Amino acid sequence: MMKIFKKSYAVCAASLLAALVVTTLTQAGEPDQARQQHPLTDYTDRLIVKLRGQPVAAQDATSSGAVRLQALSARAGMTLAHVRPMSWGAQVLQLPGRMTLADADTIAQKLRADPDVEYAEPDRIMHPLAVPNDTLFSSQWHYLSPPIEPGGVNLPPAWDITTGQPNITIALVDTGILPHTDLAGRTVPGYDFIGHIPTANDGNGRDADPTDPGDWVTAAESDNTSGPFAGCGVSNSSWHGTHIAGTIGAATNNGQGVAGINWVSKILPVRVLGKCGGYLSDVIDGERWAAGLSVTGVPRNANPAKVLNQSLGSSGRCTTAQQRAIDEIVALGKVIVVAAGNENTDVANANPANCKGVITVAATNRAGGKTSYTNYGALVDISAPGGQQAVPNESNGILSTLNTGTTTALADDYRYLSGTSFATSHVTGIVALMLSVNPALTPAQVLTAIQVTARAFPSGSSCTTALCGAGIIDAAAAVNQARTLDEPKPKGGGGGCTIALAAGQDPVLPLSVIIAALYLLRRRYSRKS
């Protein structure tokens with residue numbers, strides 16, 4: 001279990017259970033858990049390698065770096081080429097060609113046998129975590145609350161407390177965003193971290209322009225077995241980051257378009273995903289830069305984010321490089337919110353959702369039940385509306401900003417999409433509201449607050465705490481809880497938590513809080529260990 005959360009879980013859960021004894025809890029039946037694999041994450045043509053001491057690459061063939069690269073190639077049994085340095089001395093190395101992750105890890109294993117290698121691992125291809133759109137929806141039901149909307153997040157009462165603060169920045173680590181009427185004035189300068197030009201699809205590598213040029217893939221590109229997009233599948237441009245940006249922070253109370261969760265705090269666009277996804281190495285550099293850490297060859301970020309949204313992922317374990325970046329970011333007091341993934345499988349098989357220190361979000365439907373696509377399991381922290389589109393219920397997705405272009409951008413649009421990506425953007429926006437009323441909150445306090453104030457899954461829901469986390473996030477309760485929490489106590493001070501009651505609320509703990517308390521105790525020894 002992750003140490004940063006362990007103490008607060010135990011103390012909060014114990015104090016909650018002391019207030020009231022619950023004798024019986026009834027859980028809804030678990031759904032059929034069909035498993036499927038993501039077809040686009042099974043390959044790579046790069047490795048991430050960290051050596052002890054000197055870097056892998058050098059400027060000339062006579063340097064020690066070049067000699068070490070030759071030695072690594074010999075150990076791998078194939079020629080490895082240097083692509084670029086990463087943030088803290090790790091290097092990206094090019095394999096001779098595309099291979100499965102299993103084969104790439106076999107090569108990495110050979111390199112790990114070298115005592116001079118600190119770690120070596122495949123540079124995975126990451127992808128936006130959105131279920132393909134089927135139909136359109138009609139309203140932002142996902143912001144409301146029971147009994148009107150059982151699956152909503154109860155935002156209007158939260159807006160009575162805060163609509164955000166300008167000193168909080170929200171990083172969107174994604175496909176970049178498009179100019180949109182409803183996003184005008186809502187961003188600070190971001191960066192494009194995609195170095196692979198075909199993936200970038202903008203004619204160049206890394207630069208200070210995070211505008212999304214589109215990530216469409218043609219049939220010819222998909223069928224070209226020697227091309228960079230072989231097997232990617234034919235698709236139109238997703239405008240994935242633009243949709244998520246609208247949920248987090250579309251211009252609100254402006255008489256047009258959709259409302260965003262946070263009306264004031266600015267969005268930092270960090271582009272790491274392009275055609276057919278993006279390399280993990282770019283994602284890592286992008287998230288570190290977003291948090292204010294230095295990245296080789298990139299100007300320092302003038303607007304470090306307090307909370308990072310990562311609606312992306314891949315299959316497999318959390319890698320050493322991923323976990324190291326997350327640890328560094330969390331150590332700075334930054335909150336990382338990630339999507340559980342859309343494969344309807346145990347989230348333990350999806351990264352970065354299975355990494356330590358992140359807030360992992362599953363998707364619920366309009367009725368507050370488990371969606372057919374969301375990943376699930378003990379590593380899920382919280383649920384939020386991700387929507388589920390199906391005829392004739394065409395109004396059950398997440399409405400946000402988009403574009404009419406199928407390849408390159410054309411005109412502003414608003415559309416409804418479904419996926420854990422969009423559940424994640426709800427949690428990110430609410431966390432930004434929490435930090436707006438109490439910027440001193442630690443990542444551990446943020447997680448505990450959203451869990452102990454989460455709304456219990458509706459009666460008969462296919463979600464349980466074993467599948468979908470502590471409950472459905474409740475914006476008003478979480479923000480109210482955040483503003484009443486004290487600053488973190490000094491080390492050795494015992495920790496603890498405060499349960500705040502809204503004005504006029506009966507002093508008996510609600511059932512959802514009791515359920516959350518039991519849930520936290522249950523997870524004490526099962527959390528990402």
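Axes here are lines fitted to C-alpha atoms, for helices over the stretch in contact, with angles from 0 to 180 degrees between N-to-C directions. The model is predicted. My points follow.

1. **H7 against H10.** Two packed helices are described by the angle between their axes and the distance between the axes. Helix H7 (residues 240–249) packs on helix H10 (residues 420–437) at about 35°, and the axes are 8 Å apart. The crossing of H7 past H10 is right-handed. H7 contributes His 240, His 243, Ile 244, Thr 247 and Ile 248 to the contact. H10 contributes Ser 421, Phe 422, Ser 425, His 426 and Thr 428. Sorted by class, this contact has seven polar, three nonpolar and no charged residues.

2. **The four-stranded sheet.** This sheet is open, with strand order S2-S3-S1-S4 and antiparallel pairing. Strands S2 (81–85) and S4 (117–122) are at the edges, and each pairs on one side only. On average, neighbouring strands are turned by 30° against each other, direction ignored. S2 and strand S3 (residues 91–100) run antiparallel and are joined by four bridges. Ala 81 has Gln 94 of S3 as its bridge partner.

3. **Helices on that sheet.** Helix H3 (residues 101–112) packs on the sheet and touches strand S1 (43–51), S3 and S4. The directions of H3 and S4 make about 170°. Helix H9 (residues 320–331) lies across S1 and S4, at about 110° to S4.

4. **The seven-stranded sheet.** A second topic is the open sheet with the order S7-S8-S6-S10-S12-S14-S15, where pairing is parallel. Strand S7 (191–192) and S15 are the edges; each has a single partner strand, so one side of each lacks a neighbour in the sheet. Helix H11 packs on this sheet, touching S12, S14 and S15. The direction of H11 makes about 25° with that of S14.

5. **Strand S12.** How many residues of strand S12 (residues 335–339) are buried? Five of the five are, so S12 is largely enclosed by the rest of the structure. In a regular strand the side chains alternate between the two faces of the sheet. Val 335, Val 337 and Ala 339 are on one side of S12, Ile 336 and Val 338 on the other, and both faces are covered.

6. **Pairing around S12.** S10 and S12 pair in parallel over four bridges. Val 307 is bridged to Val 335 of S12. S12 and S14 also run parallel, joined by three bridges. Here Val 338 has Thr 360 of S14 as its bridge partner.

7. **Gln 310.** This residue lies in strand S10 (residues 307–310). Is Gln 310 buried or exposed? Its relative accessibility is 2%, and buried means under 20%, so Gln 310 counts as buried. Its bridge partner in S12 is Val 338. Leaving aside neighbours within four places in sequence, Gln 310 is in contact with Val 173, Val 283, Glu 287, Ile 336, Val 337, Val 338 and Ala 339.

8. Strand S14 (residues 359–364) and S15 run parallel and are joined by four bridges. Ala 362 stands opposite Ser 383 of S15. From strand S15 (residues 382–385), Ile 382 and Ala 384 point one way, while Ser 383 and Pro 385 point the other way. All of these are buried.

9. **Leu 441.** This residue is in the loop between H10 and helix H11 (443–452). Leu 441 counts as buried because its relative accessibility is 1%. Not counting residues up to four places away in sequence, Leu 441 touches Lys 306, Met 434, Leu 435, Val 446, Ala 482 and Leu 485.

10. **Helix H13.** Why is helix H13 (residues 475–484) described as largely enclosed? Seven of its 10 residues are buried, so the rest of the structure largely encloses H13. The buried residues are Ala 475, Ala 476, Ala 478, Val 479, Asn 480, Gln 481 and Ala 482. Their cover includes helix H4 (156–159), H10 and H11. At the start of H13, a side-chain oxygen of Asp 474 comes within 3.2 Å of the backbone nitrogen of Ala 476.

Notes:
Residues numbered from 1 in each chain as written. Predicted model: local features only at pLDDT ≥ 70, side-chain atom pairs only at ≥ 80, totals over all residues. Heavy atoms only, no water. Helix = DSSP H or I, 4+ residues; strand = E, 2+ residues; numbered from the N terminus. Left-handed = near helix turned anticlockwise from the far one by under 90°. Contact = heavy atoms within 4.5 Å. Nonpolar A, V, L, I, M, F, W, Y, C, P; charged D, E, K, R; others polar. Pairing = 2+ DSSP bridges. Buried < 20%, exposed > 50% of the residue type's maximum accessible area, 1.4 Å probe, protein only. Polar contact = N/O pair within 3.5 Å; in protein donor to acceptor, adjacent residues only side chain to side chain.
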